[in-house]
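Subject: Handing over the structure

Hi there,

Here is the structure I promised to pass on to you. Please have it open while you read; my notes on what turned up follow below.

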Amino acid sequence: MFHGFKSEGTGHRIVSLIALGLGAVCFGSIPYFAKIGFSAGISPGAAVLLRYILPAVLLAPYLPQALKSGPSSRQYVLFGMIMGLGAWSYFYALSVLPIYLAASLFFSYPALLVILRAIGGAKLRGSDKLTLGLVFGALLIIIASTPLPDVDFVAVAIGLVGPLCYGGLQLVSRKTPSYLPSLSIAACIFAGAVVTAVPFALVELKLWQSVSTAPSTLPILGLALIAGLLPQLLLAYGSSDRSGRKTAYTTGFIEFGLAILTGYLLFSEPLGVGQAVGFAFLLGALYLTNEPSRLPRYLQD
């Protein structure tokens with residue numbers, strides 16, 4: 001179900017690209033379902049659990065054998081735990097900050113990836129320096145354009161954990177030996193994400209201060225199915241078509257752009273010149289990012 005499908009011919013490639021685009025749309029719906037979920041009393045940790053629980057349950061039969069197969073499986077569980085932490089960071093930022101700011105923080109991951117590579121001893125290329133300049137410039141412009149009462153700097157700091165996790169996964173996954181089939185890798189990763197989400201959800205049962213003012217059925221189904229299971233299926237199919245950086249940029253553009261439009265159209269968030277310039281900078285940095293990863297494309301979001 002989650003392993004790559006073999007595609008041949010132009011028709012199959014087009015269908016793969018459509019699947020990637022639809023998967024990106026599903027990921028772009030996360031802010032909408034998260035915001036209405038928070039209004040319904042769903043906490044950030046519970047939202048993360050809803051996102052990953054169905055894939056984890058469906059792939060659970062593959063987990064025991066995968067865990068017995070060697071240390072690589074435990075590394076993928078750890079990757080999943082990091083992915084879960086990054087997802088919680090994003091949901092927490094969404095619960096406190098405007099959607100455009102939370103999404104901008106998450107899509108600052110190209111700069112975090114460059115910083116991690118530099119810490120690891122890699123020499124910075126010209127494109128790396130440009131990426132750093134674009135991301136830092138974007139965040140400064142976007143934060144400066146946001147009304148001060150809407151900027152919670154603790155939430156901003158927590159929101160940066162997500163791109164740090166994502167950039168770190170991109171970096172270390174290149175060096176991870178893999179002798180496991182894709183289904184087993186996915187089982188380990190989603191299990192790790194659930195392991196991270198459960199304690200957050202349990203702690204937030206007592207600490208979460210949101211007052212339930214809306215029905216919870218739509219956000220629960222949206223987070224579990226539309227933002228959780230469906231995009232994994234779509235990207236599992238679409239990622240078998242190796243279209244390189246342009247495809248990754250296009251799917252990121254769709255996901256990021258839809259998040260921004262969700263805030264503007266559905267939650268009446270401002271979209272001024274400053275925000276627009278910042279978004280353009282972040283998209284430029286995203287286009288420059290071409291870090292190879294051993295993780296399947298559909299497991300990197």
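**Helix 6 and its neighbours**

The axes of helix 6 (residues 99-106) and helix 8 (residues 126-144) come within 11 Å and cross at roughly 165 degrees. That angle is over 145 degrees, so helix 6 runs roughly antiparallel to helix 8. The crossing of helix 6 past helix 8 is left-handed. On the helix 6 side the contact is made by Tyr100, Leu101, Ser104 and Leu105, and on the helix 8 side by Leu139, Ile142 and Ile143. Sorted by class, that contact has six nonpolar residues, one polar residue and no charged ones. Do keep in mind that this is a predicted model.

Helix 6 also packs against helix 5 (residues 71-96), at an angle of about 155 degrees and with the axes 8 Å apart. This pair, too, is roughly antiparallel. Here the crossing of helix 5 past helix 6 is right-handed. Helix 5 brings Tyr90, Ala93 and Leu94 to the contact, while helix 6 brings Ile99, Ala102, Ala103 and Phe106. The residues of this contact divide into seven nonpolar, no polar and no charged.

How many of the residues of helix 6 are buried? Eight of the eight are, so the helix is largely enclosed by the rest of the structure. The buried residues of helix 6 are Ile99, Tyr100, Leu101, Ala102, Ala103, Ser104, Leu105 and Phe106.

**The core**

The largest nonpolar core has 73 residues, and those with the most contacts inside it are Tyr52, Phe91, Leu94 and Phe256. Helix 11 (residues 182-207) gives the most to this core, with eleven residues.

Leu94 is worth a look on your screen. Leaving aside residues up to four places away in sequence, Leu94 touches Ile30, Pro31, Ala34, Lys35, Phe38, Ile99 and Ala102.

**One more residue**

Finally, please find Leu261, which lies in helix 13 (residues 245-266). Leu261 has a relative accessible area of 42%, so this residue is partly exposed. In sequence Leu261 and Gly28 are 233 residues apart, yet in space their C-alpha atoms are 9.6 Å apart.

That is everything from my side for now. Happy browsing!

Best wishes

Technical notes:
Residues numbered from 1 in each chain as written. Predicted model: local features only at pLDDT ≥ 70, side-chain atom pairs only at ≥ 80, totals over all residues. Heavy atoms only, no water. Axes fitted to C-alpha atoms, helices over the stretch in contact; angles between N-to-C directions. Helix = DSSP H or I, 4+ residues; strand = E, 2+ residues; numbered from the N terminus. Parallel < 35°, antiparallel > 145°, perpendicular 65-115°, else oblique. Left-handed = near helix turned anticlockwise from the far one by under 90°. Contact = heavy atoms within 4.5 Å. Nonpolar A, V, L, I, M, F, W, Y, C, P; charged D, E, K, R; others polar. Core = buried A, V, L, I, M, F, W, Y, C linked by side-chain atoms within 4.5 Å. Buried < 20%, exposed > 50% of the residue type's maximum accessible area, 1.4 Å probe, protein only.
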